[in-house]
Amino acid sequence: MEEAKRLRILDAATKVFVKQGYKDASIDEIAQLADVAKGTVYLACESKADLFYQAVHLDLKAWGAQISRFVDPRMAASEIIAKMAQNGPVYLAEHPLTRGLFSGAHYGLLPDWTERFEQLRTLGRADVAEVIRMGIRAGEFRADLDVEECAAILQDLTHAGYTLYGDRWAQ
C-alpha cells in the first residue's frame, strides 16, 4: 500500500476515534472519511484495535519529532526540559489520542494491549531520558539518577498538570 494512502487512513481513523471513541468508531466510517473502500482499510491494519494502536503511535511519533527539535547540546539540559514541559500540555490539549495514552485510558479500552501501550509510553519519554543523560554528562544533574524513572516522573507530571488544569495549563 502506498504510504500516502496509509497515512490518509490513519488520519481518518484518528479523527473518527477522537470524535466517536474507540468503541463507537466503525471501519465503515473511517473508510468513508479516508475515501477508500472498507477492504483497503484492512490492508493498512489487522483489525480495528491495530488501527487504533497505529493511530496513537503515529500521533506519538509526531510529538516526538516536535520534542526532538528542542534537544540542542549547546543548551543546558534543565532549559531543554523546561521547553519540553511547556510544550507538553499544549500538545496534549490538541491531541486526545496521546493524552489518552499517558492517562492510561487506552488500557481499559484494549486490556490485551497493555504491554504495547506501555511500550509507546516508554517511546514517548525517550527524548526526555536523553536530555537527562545529557545533563548528567555535563555535570548539571546528579550522576546517580535513575534516568528512566526520572523521565517517567516528568512524563507523569506533564499529564497530571494537564489533568488538573486542562487547557488552562496549556496556555
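Trainee: In this predicted model, exposed means over 50% relative accessible area. Which residues meet in a salt bridge at 2.8 Å while both being exposed?

Mentor: The side chains in question join through N and O atoms 2.8 Å apart.

Trainee: Which helices does the salt bridge between Glu148 and Arg133 tie together?

Mentor: The N to O separation in this salt bridge is 2.8 Å. Glu148 counts as partly exposed, at 37% relative accessibility, and Arg133 counts as partly exposed at 30%. Because the two residues lie in separate helices, the pair ties together parts that are 15 residues apart in sequence: helix H10 (residues 147-165) and helix H9.

Trainee: How many residues apart in helix H9 are Glu130 and Arg133?

Mentor: Glu130 forms a salt bridge with Arg133, with the closest N and O atoms at 3.8 Å. The two are separated by about one helical turn, because their spacing in helix H9 (residues 126-137) is three residues.

Trainee: Lys48 is buried yet has no salt bridge; which backbone oxygen does its side chain reach?

Mentor: Lys48 is found in helix H4. The nearest side chain of opposite charge, Asp24, is 7.1 Å away, whereas a salt bridge requires a separation within 4 Å. At 2.8 Å, the side chain of Lys48 instead reaches the backbone oxygen of Tyr22.

How values were computed. Residues are numbered from 1 along each chain as its sequence is written. This is a predicted model: local features need pLDDT of at least 70, side-chain atom pairs count only at pLDDT 80 or more; totals for chains, interfaces and linings use all residues. Side-chain values use heavy atoms; hydrogens and water are left out. Helices (H or I, at least four residues) and strands (E, at least two) are DSSP runs, numbered from the N terminus. Buried means under 20% relative accessible area, exposed over 50%, partly exposed in between (1.4 Å probe, protein chains only). Lys and Arg count as positive and Asp and Glu as negative; His and the chain ends are not counted. A polar contact is a pair of N or O atoms within 3.5 Å; within protein, one must be able to donate a hydrogen and the other to accept it, and residues adjacent in sequence count only if both atoms are side-chain atoms.
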